[in-house]
Each structure stands twice: as C-alpha cells, then as structure tokens.
Amino acid sequence: MSLRVYNTLTKKKEDFVPASPRQVRMYVCGPTTYNYIHLGNARALVVFDTIRRYLEYKGYRVFYVQNFTDVDDKIINRAAEEGVDPLELAERYIGEYFRDADALRIKRATVHPKASEHIAEMIEAIRVLLEKGFAYQVDGDVFFSVRSFPEYGKLSGRSLEEMLAGARVEVDQRKKDPLDFALWKAAKPDEPAWESPWGKGRPGWHIECSVMAIKYLGFGFDIHGGGNDLIFPHHENEIAQAEAYTGKSPFARYWLHNGFVTVNEEKMSKSLGNFFIVRELLQEWPPEVIRFFLLSTHYRSPLDFSVDSLATARSSYSRLRNTVELLEEVTGGQEVVPPGRLSREAVEFRDQVSAHIAEFEEAMDDDFNTALAIAALFNLARQINSFVNRKDFSMTPAVLHVLVRVRQYFLQLLDVLGIVPGESRSLGEEFCPVLEEIAKKLGGELGLPEELPSEPQKLLEVLLQARDEARRQKNYQVADALRDALREHGIILEDTPRGVRWRIV
RNA sequence: GGGCAAGUGGCGAAGAGGUUAACGCUGCGGACUGCAAAUCCGCCAUGCGCCGGUUCAAAUCCGGCCUUGCCCUCCA
C-alpha cells in the first residue's frame with residue numbers, strides 16, 4: 001500500500017517517495033503573529049498536523065519546520081497602534097499562538113524558526129541573487145526580477161502575460177516589471193531595521209521561507225505546505241528565489257495546499273470580519289470536536305463553517321467517543337492480556353476489525369482522505385458496538401485479549417486524526433449547588449444520610465448508589481425523578497447491564 | 001477581464017467509467033430496556049446542476065451552458 005499525494009506543482013496525484021527512505025522533511029508556512037489565530041488558520045494547522053501524524057504512523061521520522069513571521073508590515077502597524085515594540089508584540093502573539101495550537105493538539109514542530117533570527121542568512125541570499133543577476137537594487141530596496149527566472153509561474157500555472165492581464169494593483173514605478181517583488185525593503189523611520197549592504201532595512205516577506213527551509217531541511221526537501229492563497233504569490237516567489245539562488249531544482253518536491261474555511265460560502269477573512277477566533281471557540285467546544293469538524297471534509301475542498309455544523313460534528317463525534325468508553329468499560333483499561341483460544345464469532349470479529357483498519361489506511365493513503373478515513377472509523381465503531389452488545393456476548397480471557405488490542409488500535413487511529421477523547425470533563429464546582437438542591441429534594445425518598453460529601457464528584461456517587469438501591473427495590477419513580485433532574489442540568493445517566501454510567505452533555 | 005476549482009438525498013460529505021451511490025447528522029419504524037439513554041437492525045437519491053456527445057456501459061470521460069467559490073492584493 002503506497003501513499004499518494006496531490007502535488008500542486010504537477011496538478012496530479014503522485015506516489016509519495018521521500019528523498020531519504022525513512023525520513024520526511026516538511027515545511028509549513030506559519031502565521032504572521034500580530035493577533036490571535038482564527039479557524040481558517042486552524043484548518044491549515046490541523047490539516048498539516050494530521051498529515052504529519054499519519055506519516056509518523058506509517059513509520060517515517062518527520063522533520064517538521066514551521067516558521068513564525070515576526071517581521072512584517074501588519075505587525076509594525078499593529079505595534080504602532082498599541083504603542084509597543086514590534087518584535088515584542090510578535091513575541092507575545094507567538095506565545096498566544098502556542099496556547100491555541102497546543103489546545104488544538106497541534107504537535108510542536110521540530111523547529112519553529114523566526115524571521116527576525118535569520119536576517120543574516122537572508123542578506124546573504126539576497127547578495128547572491130544580486131550577484132547572479134536575478135535581482136536589482138533601487139534606492140535602498142532590492143527587487144527580484146521575475147523576467148530573469150524563466151520558470152516563474154510554474155506553481156500557480158500561469159504565464160507572466162496572464163498575470164499582467166489581470167493585474168489590479170498599482171505598481172511601484174521603480175520596478176522593472178510589475179510582478180517583481182521586494183527582497184529587501186529600505187527602512188522607514190521607527191521601523192525595526194537591520195544593517196545591510198544596501199543600507200538599513202528589513203527583508204521582504206517571501207525570502208524568509210526560502211532561506212529558513214533550506215537552512216533547516218536542505219534544498220530539495222520533501223513537502224512544502226500551506227493554504228491555497230499562498231500558492232500565488234508567496235510560494236511562487238519562494239520557488240523563484242530558492243531555485244535562482246542555488247541554481248538547482250526543485251526547491252521542494254511535493255507542494256500541498258489546503259482549501260479555505262468559508263462562512264456563508266464566503267472566505268473567512270479578517271477584512272470581511274467574518275472570522276471566528278480559535279480562543280473563543282475553544283471555550284465552548286472541545287478540541288476533538290473542532291478537529292473532527294475540520295477533518296470531516298477533504299483538506300483540499302472548501303469547508304463552510306457554521307455553529308450548526310459544529311453541533312453536527314459534536315453529535316457525530318460522540319458516537320466514536322461512546323465506543324471508546326465502551327471499550328474502556330469492558331476491558332477495565334487493562335493494557336496487556338495473554339491471548340487464548342477464540343470462538344468463531346471472536347475470530348470473525350477480529351478479522352472485521354483488521355479490515356476496517358485497512359480501510360482507514362487506504363483512505364489516508366489516497367491523498368489523506370480524512371473524510372473517508374472517518375467513515376472507516378464509524379464502520380469500526382459499529383463493529384465493536386455490535387460485538388460487545390450482542391446477546392450471547394461472554395467475556396473470556398481470549399476475548400478480553402482481543403478487546404484490549406482492539407482498544408489500542410482504535411485509539412491509535414483516533415490519534416492519527418488527533419481526536420482521542422480528552423479527559424471527560426470532570427464535575428466542576430459549578431455543579432455543587434445543583435447537586436445539593438437535588439439531594440435535598442429527593443434525599444428523603446432516596447434514603448440519603450444526613451452528612452453528605454461536599455465534593456461534587458463524591459456527592460454524585462452517593463446519589464447514584466442510592467438510586468441503584470431504589471431501582472433494585474423497583475422504586476422507579478424516584479430513580480427516574482433523579483435521572484430527569486440530573487439531565488436537566490446536563491448530566492446524562494445511562495443504565496447498562498454493567499451498572500450506571502454518567503456523562504456530561 | 002484572466003486563471004483554477006466545485007455543483008451528489010432534508011442537511012453535511014465520500015465516490016472519478018462497470019456489483020444494491022459509502023459514512024455521518026436529522027426524521028420515521030423496529031429490537032433491546034421497568035421506562036429512558038446508549039447500542040443494533042430497517043426505511044428515506046430509479047438518480048449525482050442543465051443540454052448534448054463518446055462508450056456495450058457515464059456522478060465518473062468530452063463539449064457547451066448555468067450557478068457558486070477561490071486566486072490574480074496582506075491573508076491559512
């Protein structure tokens with residue numbers, strides 16, 4: 001089974017063969033840190049994090065580089081508004097970035113280089129580009145000359161003429177060609193600036209990625225990723241600079257781009273003001289649900305966001321979570337159990353589980369088709385639920401061994417997508433008054449003692465024990481009253497053959 | 001204006017020439033349950049934007065049209 005990926009450069013799905021056998025080197029364009037990230041940013045992060053996780057699942061060692069753009073117009077403007085130092089502002093939002101990314105279970109990159117810490121390398125690259133005649137200097141600015149690089153346009157698939165025809169921007173008259181872009185910008189007053197052969201200034205946006213990718217991954221690394229909107233001009237320019245600079249090709253071997261998050265079918269963007277901040281979403285939605293939502297559509301397709309669709313994702317996801325809980329319950333969380341002789345049904349079950357695992361891998365192998373992979377997870381969950389809940393189910397040591405293994409596999413697949421159920425939210429202090437009130441109201445009928453624990457978790461246990469006793473005595477009225485009362489406050493009770501189970505909505 | 005995608009059941013979303021068009025949500029019916037919940041089983045697209053064409057065979061390939069989104073400007 002081999003992995004195939006869609007390469008923007010060739011516009012085809014290709015077999016993925018990394019340059020070195022067991023290692024993948026990948027670079028993903030990270031954020032410009034001048035504010036909190038929104039759901040659109042999160043999609044790119046989650047998509048490439050999932051790609052990375054799957055590559056690791058397949059046994060590759062992944063060297064993952066994600067940069068921070070901490071020198072940029074937007075940062076400078078924002079800093080000016082707030083009256084703070086631009087680099088300090090950028091540093092602050094790098095911290096905020098990690099808070100959100102960690103919450104979303106984005107694994108940290110192997111290296112997170114910052115533009116501000118690679119100025120010397122960028123200056124050197126620009127110097128070489130000037131020397132080789134790919135760039136020219138005007139006043140204190142240095143521009144890359146797109147005409148000097150014949151392959152310009154190969155990633156975005158358009159010719160210079162086409163791009164010129166569509167040009168809608170006012171052009172800097174000093175440029176030789178309207179599409180030439182800045183490698184170095186002369187400093188304006190009060191801007192962060194560094195000394196260079198062309199006077200004080202700062203690097204243009206595109207050069208940082210070329211330089212840092214080559215520095216950490218070497219030329220000709222495996223995967224370069226980012227959002228769709230980076231194809232042009234950012235990645236096109238990265239290629240031009242990097243390949244002109246080294247005189248070699250290709251700069252990166254596979255170019256992967258994710259589609260956009262839209263809101264009411266319109267791109268989620270800061271200028272339209274229709275963006276949703278990850279920090280805020282995380283207050284209401286568990287990270288697993290947000291990731292499930294983002295991965296329920298293929299990464300290259302557009303994804304329309306709404307609160308309703310998040311709610312749907314939550315319903316869908318709870319099926320998977322319920323199966324994890326069922327497996328935990330039935331295996332008692334044991335990790336290692338010796339195998340034994342299996343019944344015919346158990347053998348069949350084991351084989352079906354294997355088939356669904358293969359289904360998951362085939363889906364992911366086909367250009368990371370997470371939507372299809374999730375379908376495989378649902379099939380697997382159904383198989384597990386059916387097996388464990390069948391009428392003649394009997395737990396033997398051999399069956400336990402199988403279920404322990406199945407639980408491990410199931411969790412492993414969920415982990416590829418980063419959607420292993422988190423610690424089920426514990427009962428916080430906010431449940432105290434609610435539980436105490438219920439205990440007071442139903443305490444007499446339930447035969448509760450005078451002294452009740454004050455800790456919500458313990459209090460609930462006491463209530464459930466009393467309810468159990470009531471049910472044994474067929475006092476269903478009070479048992480149901482307690483269940484209804486708890487439900488009203490978001491605590492769901494489920495009576496199973498193995499005892500009562502509770503969860504928070 | 002130029003370039004690139006996409007249009008699949010009530011909704012979301014896979015499928016890219018050939019078995020009954022996955023999977024999930026919602027709804028309905030059934031099983032299980034003291035009743036629920038969870039779970040399981042079943043039902044809900046004679047049809048995949050529209051019109052032509054290629055083919056023994058088309059959601060899938062080709063052409064035209066319509067609609068929507070993205071890029072051409074900082075943006076994931």
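# Briefing on chain A, a predicted model

Residues are numbered from 1 along each chain as its sequence is written, and chains are lettered from A and ligands numbered from 1 in the order in which they are written.

**Overall picture**

- The secondary structure of chain A comes to 16 helices and 15 strands, where helices (H or I, at least four residues) and strands (E, at least two) are DSSP runs numbered from the N terminus.
- Along its principal axes, the C-alpha trace of chain A spans about 90 × 55 × 35 Å.
- Of the 505 residues in chain A, 40% are buried; a residue is buried if 20 or more other C-beta atoms lie within 10 Å of its own, exposed if 12 or fewer do, and partly exposed in between, with C-beta atoms placed from the backbone.
- Among the contacts in chain A with a separation of 6 or more, 74% are between residues 24 or more positions apart, a contact being two residues whose C-beta atoms, placed from the backbone, lie within 7 Å.

**Strands and sheets**

- Strands β1 (residues 4-7) and β2 (residues 12-15) pair in the antiparallel sense over 4 bridges, and two strands count as paired if DSSP finds at least two bridges between them.
- Within this pair, V5 stands opposite E14 in β2, and the hairpin has 4 residues between its strands, with K11 taking a positive phi near 60 degrees.
- An open sheet of 4 strands, with parallel pairing, has the order β4-β3-β9-β10, and its edge strands β4 (61-66) and β10 (252-258) each pair on one side only.
- Neighbouring strands of this sheet are turned by 20 degrees against each other on average, direction ignored; axes are lines fitted to C-alpha atoms, for helices over the stretch in contact, and angles run from 0 to 180 degrees between N-to-C directions.
- Strand β11 (residues 261-263) pairs with β12 in the antiparallel sense over 2 bridges, and K267 in β12 is the bridge partner of T262.

**Helices**

- Helix α1 (residues 39-57) has 19 residues and reaches 26 Å from its first C-alpha to its last, close to the expected 27 Å, a span defined as 1.5 Å times one less than the number of residues.
- Helix α1 is mostly covered, with 16 of its 19 residues buried, and just after α1, G59 takes a positive phi of about 100 degrees.
- The axes of helix α9 (residues 287-295) and helix α10 (residues 307-331) come within 9 Å and cross at roughly 105 degrees.
- That angle makes α9 roughly perpendicular to α10, because angles under 35 degrees count as roughly parallel, over 145 as roughly antiparallel, 65 to 115 as roughly perpendicular and the rest as oblique.
- In this contact, E288, V289, F292 and F293 of α9 meet S309, L310, A313, R314, S316 and Y317 of α10.

**Single residues to look up**

- L129 lies in helix α4 (residues 119-131) and is buried, with 25 other C-beta atoms within 10 Å.
- Leaving aside residues up to four places away in sequence, L129 touches F134, A135, F144, L183, Q241, A244 and Y245.
- Although L129 and T246 are 117 residues apart in sequence, they are 9.1 Å apart in space, C-alpha to C-alpha.
- A cis peptide bond, with omega near 0 degrees, runs from F232 to P233, and P233 lies in helix α7 (residues 231-246).
- D190, in the loop between β7 (181-186) and β8 (201-203), has a positive phi near 65 degrees without being a glycine, and D190 is exposed, with 10 other C-beta atoms within 10 Å.
- F368, in the loop between α11 (344-365) and α12 (370-389), has a positive phi of about 55 degrees although it is not a glycine, and F368 counts as buried, with 26 C-beta neighbours inside 10 Å.

Terms used:
Predicted model: local features only at pLDDT ≥ 70, side-chain atom pairs only at ≥ 80, totals over all residues.
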